[in-house]
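Please read it alongside the sequence and the coordinates.

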Amino acid sequence: MEKLKRIQPIRQVLALIFIAFFSMADPEPIRYSVQEETEGGSFIAHLTKDLGLETGELAVHSARVVSDHYKQHLLLDPQTGDLLLRETLDREELCGPAEPCVLHFQVFLEMPVQFFQGELWIQDINDHSPTFPDGKVLLKIPESSQPGTVFPLKSAQDLDVGSNGIQTYTISPNDHFHVLTRNNSEGMKFPDLVQDKPLDREEQAEYSLILTALDGGSPPRSGTVMVQILILDVNDNAPEFVDTPYEVQVLESCPLNSLILTVSARDKDAGHFGSVSYGLFQPSDEIKRTFSIHEVTGEIRLQKKLDYEKIKSYRVEIEATDGGGLSGKGTVVIEVVDVNDNAPELTITSLTTSIPENAPESIVSIFRVGDRDSEDNGKMICSIPDNLPFILKQTFKNFYTLVTETLLDRETRVEYNITITVTDLGTPRLKTQHTITVQVSDVNDNAPTFTQSSYTLFVPENNSPTLLIGTISATDRDSGSNAQVTYSLLPASIKNATLIAQLRRRVALQAKIVKKPKVANAFVSREVREALQAMRSYQQTGNMVYCAF
């Protein structure tokens, strides 16, 4: 019991530290940067210094790194405090065209529980050259086209971003055309072919030019494509889409070959020059795999299953071309609507499988939950059964702590199976369950008790030493070494000695008076019984009972 009293203040201090930490505002994240393609195992930073800790404290506090991504990209050496790359990072694979490319992570200290937010900025390197989607561009221009007319060309693609991305376009020298580099609404650069002089099909019916895309790397990378220009007889109207841009919403559970929408374009020309065919304009590989358009009807259908968690929207460029080679451009924006198709995920980051009984609020487990869906489909509720002496506390973002709510009693129950249920709010609701088994370890909180409150044993006179005169028994509700019972006789107190001396004097006096041994013995037996009863009443102390004979 004294040992428990010494432990109690220490646990109270730890609980106060725990509460104080989670009442603090989120600190600014620590930021580091690394170039993509840096080899795995490379040194990023010395966390011990940056977190204001002393050497070796990360190991003492059981520090670890937890990534916001479902794949762990960082390693922490708690002995040295070094933050290292787990593997080589590819910025284009991690972030695609997004800029900046930032990996969020947390440094988690377990004892006491503490979090530090961190960001790793992935710097782009010029490791990709511009590429054109097709090996050859065919452009048909009517001879009636006037100088200053602009003809959009298919832009190149460069997986790099920023200054390493495409910066400018050039075309091989000629007398009739030049190229302008422009920015679209999303900041991407695309080429426009501009006519400089009137065209005469009878003078020259075809031009073959080289279009070059240059990025801004050092040294720069480039890509080229052949542009073949055919000069046509007069066709003075290009097709125009009726309702561009088109906007449509599609459930991610939509089956394959489903009709997304039908587009339509008109051409004021008649006959062959007025007939329109449809196609996808400069589609990416993802667009070509996911959607198809019927050349005659303009129906756009689904070719690949949608996944809201990977791509939330598509911007599909479409083209309508008439019989004379003129074309009009349009845009279809397809919004993917989330369906509750992902169950919540639960990750245990810390677990204690044995809790001492009579201990104050103790941390059993720290875990993290997540759901790949969005909106209500991604909102979660954590719960445990109501009939257990444990509660859940939300500590940081999607981190929860399972703690004891009341003192545990091993003598009442030695084991608990706690089922943690994480349920989302989607329709239908999906849930994930994880069961934790907790053992209650014994504390010496029960004193031994005799099976009887008093014992009466008879001893014949003139007995030999070590004679067995009776057996007493005591039990202890604790377990293991805490339940092992030993027996001993305690020396008589001063009051007991005085009582026995008085008894002996009374017996001797009675023997003298009566002068009959049998009568004296009978009297002694009665006196002894009274004296023993008095001694038993006196020698009951605490939770233990001592018997004297």
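Helices (H or I, at least four residues) and strands (E, at least two) are DSSP runs, numbered from the N terminus. The model under review is predicted.

1. Ser 62 sits in the loop between helix H3 (57–60) and E3. Its phi is near 50 degrees, a positive value in a residue other than glycine. Ser 62 has a relative accessibility of 24% and therefore counts as partly exposed.

2. Sheet containing E3. Four strands make up an open sheet in the order E1-E7-E6-E3, and their pairing is mixed. Strand E1 (30–35) and strand E3 (64–67) each have a single partner strand and stand at the edges, so one side of each has no neighbour in the sheet. On average, neighbouring strands of this sheet are turned by 30 degrees against each other, direction ignored. E1 and strand E7 (residues 114–123) run parallel and are joined by six bridges. Ile 30 is placed opposite Gly 118 in E7.

3. Pro 356 has Ser 441 as its bridge partner in E31.

4. Partners of strand E23. Strand E16 (residues 246–251) pairs with strand E23 (residues 327–337) in the parallel sense, over six bridges. Within this pairing, Gln 249 has Glu 335 in E23 as its bridge partner. Strand E22 (residues 313–322) also pairs with E23, but in the antiparallel sense and over nine bridges. Glu 319 stands opposite Lys 329 in E23. The hairpin of E22 and E23 has four residues between the strands, and Gly 325 there takes a positive phi near 95 degrees. As background, strands of a sheet pair through backbone hydrogen bonds, either parallel or antiparallel.

5. Edge-to-face ring pair. The structure contains eleven aromatic pairs. One of them is formed by Phe 177 and Tyr 207, whose ring centres are 5.6 Å apart. Their planes stand at 80 degrees, and planes over 60 degrees apart count as edge-to-face, so this pair is edge-to-face. Phe 177 belongs to strand E11 (residues 177–183) and Tyr 207 to strand E13 (residues 206–215), so the contact ties together parts that are 30 residues apart in sequence. Phe 177 and Tyr 207 are both buried.

6. Stacked ring pair. How far apart are the ring centres of Phe 367 and Tyr 400? The distance is 5.8 Å, with the planes at 15 degrees, so the pair is stacked. Phe 367 lies in strand E26 (residues 363–370) and Tyr 400 in strand E29 (residues 399–404), so parts 33 residues apart in sequence are tied together. Both Phe 367 and Tyr 400 are buried.

7. Phe 108, Phe 115, Phe 396 and Phe 399 are linked into a cluster by ring pairs. Lys 397 is located in the loop between strand E28 (390–396) and E29. Phi of Lys 397 is near 50 degrees, a positive value in a residue other than glycine. With a relative accessible area of 47%, Lys 397 is partly exposed.

8. Cis peptide bonds. Ser 218 and Pro 219 are joined by a cis peptide bond with omega of about 0 degrees. Pro 219 lies in the loop between E13 and strand E14 (222–232). A cis peptide bond also joins Thr 427 and Pro 428, where omega is about -5 degrees. Pro 428 is in the loop between strand E30 (415–424) and strand E31 (431–441).

9. Nonpolar surface patch. Which residues form a nonpolar patch on the surface? Val 459, Leu 467 and Ile 469 do, with about 220 Å² of accessible area together. Val 459 is in the loop between strand E32 (449–450) and strand E33 (474–475). At 44% relative accessibility, Val 459 counts as partly exposed.

Notes: Residues numbered from 1 in each chain as written. Predicted model: local features only at pLDDT ≥ 70, side-chain atom pairs only at ≥ 80, totals over all residues. Heavy atoms only, no water. Patch = residues over 30% accessible without salt bridge, like charges linked within 9 Å, V, L, I, M, F, W, Y side chains within 5 Å. Areas by Shrake-Rupley, 256 points an atom, 1.4 Å probe, with all protein chains shown as cover. Salt bridge = Lys/Arg side-chain N within 4 Å of Asp/Glu carboxyl O. Buried < 20%, exposed > 50% of the residue type's maximum accessible area, 1.4 Å probe, protein only. Pairing = 2+ DSSP bridges. Axes fitted to C-alpha atoms, helices over the stretch in contact; angles between N-to-C directions. Phe/Tyr/Trp six-rings, centres within 6.5 Å; stacked < 30°, edge-to-face > 60°.
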